[in-house]
Amino acid sequence: MVVALHECGLFSWSEWADALSDEVKGPGAAQDGSDYYDCWLRALEKLLAAKDVAGRSEIDALAAAWERAAHATPHGRPILLENDPERRLAR
């Protein structure tokens with residue numbers, strides 16, 4: 001997703017490196033790097049907010065929709081956002 005957003009011109013690699021570095025070196029970051037992918041996610045979320053692509057509430061709502069969709073999807077089937085029961089009710 002980061003590569004795709006970079007290729008769309010949303011941010012430069014130096015912006016990405018700075019954002020990720022801030023998270024990896026930030027207070028509370030694991031010294032052993034065990035939270036690297038959490039840092040990666042936080043960096044991406046902050047860039048999305050900084051670029052006015054999506055704010056915290058939008059990201060949280062979409063993440064919740066994907067989680068509901070995952071729980072509603074039978075094993076072995078692709079998880080589709082359309083499988084979110086709340087999304088189906090909203091139509």
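Biologist: Which element of the protein chain has the lowest mean pLDDT, and which the highest?

Modeller: Helix 5 has the lowest mean pLDDT, 80, and helix 2 (residues 13-24) the highest, 97. pLDDT is the predictor's confidence in each residue, from 0 to 100. The chain averages 93, and 98% of the residues score at least 70. Helices are DSSP runs of H or I of at least four residues, numbered from the N terminus. This is a predicted model: local features need pLDDT of at least 70, side-chain atom pairs count only at 80 or more, and totals for chains, interfaces and linings use all residues. Residues are numbered from 1 along each chain as its sequence is written, and side-chain values use heavy atoms, without hydrogens and water.

Biologist: Why is T73 called buried?

Modeller: Its relative accessible area is 11%, and buried means under 20%, exposed over 50%, partly exposed in between (1.4 Å probe, protein chains only). Therefore T73 counts as buried.

Biologist: Where is T73 found, and what does T73 touch?

Modeller: T73 is in the loop between helix 4 (56-72) and helix 5 (85-90). Leaving out residues up to four places away in sequence, T73 touches P78, I79, L80 and N83; contact means heavy atoms within 4.5 Å.

Biologist: Why is W40 called partly exposed?

Modeller: W40, in helix 3, has a relative accessible area of 31%. That value lies between the 20% and 50% limits, so W40 is partly exposed.

Note on methods:
Helices (H or I, at least four residues) and strands (E, at least two) are DSSP runs, numbered from the N terminus.
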